[in-house]
Amino acid sequence: MKPEKLRMVNFGPFRDETVDFTSVSAMFLVTGKTGSGKTMIFDAMTFALYGKYSGSRSKLTQEQMRSSFAAPGEQAFVEFTFSVTGHDGSTKKFRIRRTLPTDHTSKSGTVSKKPSESSLQFLNGGKWQAYCDQKEISDKIEKEIIRLKFSDFSKIVILPQGEFANFLRMNSNERTEALKTLFPQKELDDLAQKIKNRADEAQQQLSKAEDTIADLGGAANIPVLSEEIGKLSSEIGVLSEKSRKLDAKIQESTEKIARADERLSNTRKAAAAQQAVARLEAERADIERTREMLGKAERASKIAPLITNAGRAEKALVDAKNDVSRAEANLRDAKAAEQDLSAREEENEEKRGKIRDYERDAESTGATIEKLESLAKAEEEKTRAENELARFRDAAAADRRALETEREALLAIAEESGIGGISPESVPQKLLEKVRDLEGEKHRSETSLKTAREAEKRRRQIGILTEAEADSAAEKEQADRNLAATKEILESLEAQQAAFERNNAASVLARALRPGIPCPVCGSKEHPFPAKEGGTSLEDKIAAQKANVATAEEKAAAANAKLISVKSTLDAEKAALSQIERDADGTIPSEKEAESAFGNAIALLDDAESRYSRAADSAAKISELAEKVSGIAKTESELSIKAEKAATILQETKKTIDGSHGTDKESLKLRLESIMASIAEARAQVESFDDMISAARGTVKTDEALLENCGERLAQAKADAAEATSALDEKIAETEFESADDARKWLLGDGEKKAAQNRISRWESELSAQNAIIASVGSDDDEESLARLLSDLRDSREKARNEKAAADNEKAEKTLEMERMIDKRGILSAAVERRARIEKEEGAAIRLSNDLAGKNPKKTQFSSWILAMYFSEVVEFANERFFRLSGGRYMFRIETGGSKGKQGLDIAIEDYSLGKTRPPSTLSGGETFQASISLALALTDVVCNHSGGIRLDSIFIDEGFGTLDPESLDKALETLTQIQGQRMVGLISHVEAMEMEIKSHVVVDKASEMHSSTIRIENLG
């Protein structure tokens, strides 16, 4: 991850500030006064990515990070643009934006909290596109983009103030948890879990098998169970044979019972059939009468249609006579009603005449009301025109007074500005010319102030560089002396080694002897008593001293390079100051004088601009008022004509009003309403009468036509009745019936006829069936003898069944017992076989799972062993830097003890100057910084090497440099300079030497009570 741009709006002490990381060098320094907001830059990056804060601000809420300069309801957010480079070299650019919660006030005044929101975009084809939904951002940052959790990010990318040395001071348990997040072991953990799951399952199966074997009496119980099973099998065979014989006896008895039962049933059936035939013969006479009834009914049904037709004709004749009587009565009533209404027609015509009189009176009254309304409108229009004219004359007078007032005000401004004696129209232009002159003076004083500040800055820098030059010269001299001293020590050690080798040739030779290789002195290939070695400590000291000489040479070279660099920078600063003095012709005011002159110029310009603004506003008002005043006369004339016209219309309207019915409009309206009500009432009465007489005349015509129709239907009904009666009489004469009524009583309905037929059919069927039963049975058996025989047979069968049931029950019990023993033997045999198979097939998995879980001689879990391997690599990388930073005095050493199961995760400090091991807590502040930064950089290197996708292109360190002495600081900067080619290095520090050494600065200017903190970038020489 490499930052490119960071924007902070209403975040911490910043109102709206942007840090462009593309404008700074690979290693830059964040500087500023205490409390200015330097650390807030790193906090903003962390907040944008994870929505959290690191270091001392980790417990702050998002609301507490909102700037005090933000207005209520104003949005506060951080927007962070960064790039990520994969191990394949491809680079993606991302932009994340995260807001702080904001109070929102609705239209009703209700205040609610708008929660934090976030968005993540990526650059695709030159356009920003959404990368994922808001709820997925945290997961995407941790698993796909940065590939670090927040806790890991704050350990190896951003090292917060106050937590820089945390990893160094951790105990084994804390370090284990930290390493677990930095070095995920998912695949190894999954493998170990699979092995554990397999071992657990095998162990469970093995335990179940052993429990089963124990519950069933052990493996030795298998032959005992087999012997018992054999005995039970023999007993079951004997019982099966006994059951078979009893079953045959029961079958024989059952067959005899069936035959006896059939003979008894036939005997009983024959007796019942004879009784039924006797009963049916007794019903024969009634059956014959039913047959005779059905015959007469059949003959009567042949003349039934003529009887029905005659009855219908007679009924139709009676109905026709009744209809004629009703029609004659209705016609008489209708004619009487018509005569009554005709007598009232003259009265109705008189009402029509009254309606016409009412209508003429209503028309006259309505015209008078309309004219009165026109008169009221004319009076209102006349009053409105007169009022409008009066208001216009008042406004015109006010405009004239305002015009004069504005002219006087504009001339007063001119007098204040010292340009009196000119026309009001010329005042704004004169004041504008004065503003232009003062703007030029302000620009000249501003340029002078910038020159004074730049010169003062260069003088301060020259002073600092002069001191730095003297310090660098002293450091170079000291480095040269140290180099000479280390070389002298090396020469002395080498001389001691040469003398030792001359005096102890045999010992030197002994170190070269190897088994099977001839001795260069005696030629023997066996060396049973080689001379004891000596001088090994001198060789180690020479090697160590050579490393010290190399280190001293590096320091001397670095000191010389630093001195050259400081001199070069000092010369450049002096040349720049000389150029500034030449550009100013040798006259440069003090910064205070320049600031005073610039302040005066601004004050004069502000005053002039204020007067010009007032004059311009006044001139605009004068122009507007003058235009209004010029049109007053024309408008006044138009309004006067309008008022006179309204008065004329009013007089003409008064002349046309007829006052015969009065001139009170409300009274006239009431009179008109009364007339209209009378008209409506009269019309309703006339229309009602017309409807009534028309309806009466229509009723008379309708009743006359109805009476004529009823007469025609009566004649037809008489003819039809005579014809139907004649046909019926002729047909009766041909039958056995005396009359139509006699024939009608023999008629049967369909239901009655069918019931009689069904009765005869059932009687005949039952008689035939009973005679057939008697003929088929023909038995002479005695029912009582057969019943006794059947009872004896059933008793014999029941006894055999009871004996068989007892034998079957005994057999079932013994069979169940044998089956239980067979199942028990099978389960026991299977458990013994399963135990042997599991021990053979899964024994290795169980032992391996125990080893991985820490059940081994060292009691170390697999995950702890893997983390110890990673940590040993971290320590190896860290030792390279720690040894160099400490001037060859310190290295880390992994402790082999530690907490139970955590061997290899505790560290100690190997102090070569004292020749002993020390705990990290005994290091001084500067030494702690050296150790901490060595571990931090090593963690970053190892995480990148093992990540398979993470590439950490940046590291940011907040403070810690103030604890270093000059030499240690040089080494720390040298270390950071070496890694800046691989990644961006951002530092926060107050150390002046770092400000001199690091040329790219992000400067944070501290906020005041009235202004927020600001950020600017300075890239020095």
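Where pLDDT is low, the predicted coordinates should not be read in detail. For the chain, the mean pLDDT is 81, and 89% of residues reach 70 or more.

The model is predicted, so local features need pLDDT of at least 70 and side-chain atom pairs count only at 80 or more, while totals for chains, interfaces and linings use all residues. Residues are numbered from 1 along each chain as its sequence is written, and side-chain values use heavy atoms, leaving out hydrogens and water.

The largest pocket holds about 1400 Å³ of space. It is lined by 47 residues, of which E475, K562, P966, D970 and E997 are the closest to its centre. A pocket here is an open set of points on a 1 Å grid over the protein atoms alone, where a 1.4 Å probe fits, with protein on both sides within 12 Å along at least five of seven lines; lining residues have an atom within 4 Å of a point. Grid points are joined across faces, edges and corners, and the volume is the space filled by probe spheres set on them. Helices (DSSP runs of H or I, at least four residues, numbered from the N terminus) contribute to this lining. At least two residues each come from α11 (427-503), α13 (536-583), α22 (966-979) and α23 (992-997). Helix α13 gives the most, with 12 residues.

D323 is found in helix α9 (residues 304-342). Its side chain joins that of R326 through a polar contact of 2.3 Å. Such a contact is a pair of N or O atoms within 3.5 Å; within protein, one must be able to donate a hydrogen and the other to accept it, and residues adjacent in sequence count only if both atoms are side-chain atoms. Leaving out residues up to four places away in sequence, D323 touches C710 and R713. D323 and L707 are 384 residues apart in sequence, yet 8.3 Å apart C-alpha to C-alpha.

Conventions
pLDDT is the predictor's confidence in each residue, from 0 to 100. Contact means heavy atoms within 4.5 Å.
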